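Please look through the sequence and the structure shown here before reading on.

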Amino acid sequence: MAVGRMGPCGLNTFHVHLRSAELQLVIEGRLITEMVPENGVLDADGKRRVIKNEVGPLQLTPFYQGSIHTQFNPDCSDVTFVASFASEDFGAGQVLDETFAFTDNLIAAAFGQSIAGENIDSVRQAIPLSIALGVEECLQQCGIEKTQ
């Protein structure tokens, strides 16, 4: 189990637990969560399924083992939560950090024209390791200056 606190407009960046599912219980505050299950799980329109939840005090949500997921605090106060796992070594992988650990040539090939080869290192340096500030509207609403 883990107890976590996320500040106003905090975003727990895209991550995955390879060795366990997670149950996340909000103690105080509110989280907006999103999760993408494995390949081939589609919605009614045939698009990749994204499971989105709003989780308030004393509510919980599951994150399936191996699913990419994220949590966002849309409010101007802290969120406290408890995360429980089925394994003492649940593993955690930050998706963007792991992706940009590959060589520049592989990254450029994987992203095609969306990231120019000469810009890969600047993108790599800008990736937060875990908790980051979130959505622009939340920052403005809470009077929080965006860090560069």
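Is strand 7 mostly covered or mostly uncovered? In this predicted model, strand 7, which spans residues 68-72, is mostly covered, since four of its five residues are buried.

The partners of this strand can be taken in turn. Strand 4, made up of residues 31-36, runs antiparallel to strand 7 and is joined to it by five bridges; within this pairing, M35 stands opposite H69 of strand 7. Strand 2, covering residues 10-16, is likewise antiparallel to strand 7, and three bridges join the two. Here the bridge partner of N12 is Q71 in strand 7.

A search of the whole structure finds one cavity of 30 Å³ or more, and the volume of the largest cavity is about 30 Å³. Its lining consists of T13, F14, Q94, V95, L96, D97, I127 and P128, and the elements that contribute two or more residues to this lining are strand 2 and helix 1, the latter spanning residues 95-99. Which element gives the most to the lining of the largest cavity? That element is helix 1, with three residues. Sorted by class, the residues that line the largest cavity comprise five nonpolar, two polar and one charged.

The loops hold two further points of backbone geometry. C9, although it is not a glycine, has a positive phi of about 60 degrees, and its place is in the loop between strand 1, residues 2-6, and strand 2. L58, which is not a glycine either, has a positive phi of about 65 degrees and lies in the loop between strand 5, residues 51-55, and strand 6, residues 60-63.

Is each of these two residues buried or exposed? C9 has a relative accessible area of 0% and is therefore buried, the cut-off for that term being under 20%. L58 has a relative accessible area of 67%, so this residue counts as exposed, for which the value must be over 50%. A positive phi thus occurs in this model at the buried C9 and also at the exposed L58.

Definitions and conventions
Residues numbered from 1 in each chain as written. Predicted model: local features only at pLDDT ≥ 70, side-chain atom pairs only at ≥ 80, totals over all residues. Heavy atoms only, no water. Buried < 20%, exposed > 50% of the residue type's maximum accessible area, 1.4 Å probe, protein only. Pairing = 2+ DSSP bridges. 1 Å grid on protein atoms, 1.4 Å probe; cavity = no way out; pocket = protein on both sides within 12 Å on 5 of 7 lines; lining within 4 Å. Points joined across faces, edges and corners; volume = space filled by probe spheres on them. Nonpolar A, V, L, I, M, F, W, Y, C, P; charged D, E, K, R; others polar.
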